Amino acid sequence: MSRLNQYSVEARQILVYAREEAVQLRHKSVGPEHILFGILRGNDPIVGSIFSTLHVDVQRLRQALEFVVGRGNKALLNGPTLSSTARTALTHAEREASEMGSELICVEHLLLGLLNDKEGITVGVLESFGLSLNAVRLQVRKLLSKGRDYATFAAEYQVRYNQTPTLNE
């Protein structure tokens, strides 16, 4: 992975999760789908807020991804390697971070990097849940417009608020 030190601690953890997901699913390589599994597992507040705002049920998204991706049937002798499509997604994530003026590639940039793909299964699953590149990019910019600390606080609040709709009436 190129320039791993340019990734936030959270984004690096997502990539660790992605590798673990590939191993668990018995896949030979870590692809964009595993990065998405990692993002879903990571519970990032900003990504959670984006999913909440765009009315995405994370459990259903994970189930749909599991259904589409499937499971390998052979145990792996070696650990999975990073696929060329995952490398491309990471390159897109780096570009998204740069265009947004971020010094670090964060989890939301990983999500945007996945959505930059035009025809992969990962982007197909995301789009089937209403997550388009433009919609997510707009939400990221909106959340980060007042700074990362504020965005994290607001995102955590929004996720908790949306978990208790009856109490919010």
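Which residue follows H3 and has a positive phi? The residue is His-55, with a phi near 60°. The points below set this residue beside others in the structure.

1. Basis of the note. This is a predicted model, in which local features need pLDDT of at least 70, side-chain atom pairs count only at pLDDT 80 or more, and totals for chains, interfaces and linings use all residues. Residues are numbered from 1 along each chain as its sequence is written, and side-chain values use heavy atoms, with hydrogens and water left out.

2. Residues with positive phi. Most residues other than glycine have a negative phi. His-55 is not a glycine, yet its phi is positive, at about 60°. It sits in the loop between H3 and H4 (helices are DSSP runs of H or I with at least four residues, strands are runs of E with at least two, and both are numbered from the N terminus). His-55 is exposed, at 72% relative accessible area (buried means under 20%, exposed over 50%, and partly exposed in between, with a 1.4 Å probe and protein chains only). Asn-43, also not a glycine, has a positive phi of about 50°. Asn-43 is placed in the loop between H2 and H3 and is exposed, with a relative accessible area of 63%.

3. Helix H3. This helix covers residues 45–53, and its buried residues include Ile-46, Val-47 and Phe-51. At its N-terminal end the cap is Asp-44, with a side-chain oxygen 3.1 Å from the backbone nitrogen of Ile-46.

4. In H2, 9 of the 11 residues are buried; among them are Pro-32, Glu-33, His-34 and Ile-39. The largest nonpolar core has 45 residues, and Ile-39 and Leu-110 touch the most other members (a nonpolar core is a set of buried Ala, Val, Leu, Ile, Met, Phe, Trp, Tyr and Cys residues joined through side-chain atoms within 4.5 Å). Each of the helices H1, H2, H3, H4, H5, H6, H7 and H8 supplies at least two residues of this core. Beyond its neighbours within four places in sequence, Ile-39 is in contact with Ile-14, Val-47, Val-107, Leu-110, Leu-111 and Leu-114 (contact means heavy atoms within 4.5 Å).

5. Gly-31 and Ser-83. Gly-31 lies in the loop between strand E1 (29–30) and helix H2 (32–42) and is buried, at 2% relative accessible area. Residues up to four places away in sequence aside, Gly-31 touches Ser-83 and Ala-86. Gly-31 and Thr-122 are 91 residues apart in sequence, but their C-alpha atoms are 9.0 Å apart in space. Ser-83 is in the loop between strand E2 (81–82) and H5 and is buried, with a relative accessible area of 13%. Leaving aside neighbours within four places in sequence, the contacts of Ser-83 are Ser-29, Val-30, Gly-31 and Pro-32.

6. Salt bridges around Arg-62. The count is 6 salt bridges (a side-chain nitrogen of Lys or Arg within 4 Å of a carboxyl oxygen of Asp or Glu). One of them joins the side chains of Arg-62 and Glu-21, at 3.1 Å from N to O. This pair links distant parts of the chain, with Arg-62 in helix H4 and Glu-21 in helix H1, 41 residues apart. Glu-21 is buried, at 4% relative accessibility. Arg-62 also forms a salt bridge with Glu-66, where the closest N and O atoms are 3.1 Å apart. Glu-66 is partly exposed, with a relative accessible area of 37%. A network of salt bridges links Glu-20, Glu-21, Arg-41, Arg-62 and Glu-66.

7. Spacing within helices. Why are Arg-62 and Glu-66 separated by about one helical turn? They are 4 residues apart in helix H4. An α-helix has 3.6 residues a turn, so residues three or four places apart point the same way. In helix H5, Glu-99 and Arg-95 are likewise 4 residues apart, and their side chains meet in a salt bridge of 3.4 Å, N to O. Glu-99 is partly exposed at 47% relative accessibility, and Arg-95 is partly exposed with a relative accessible area of 35%.

Conventions
Polar contact = N/O pair within 3.5 Å; in protein donor to acceptor, adjacent residues only side chain to side chain.
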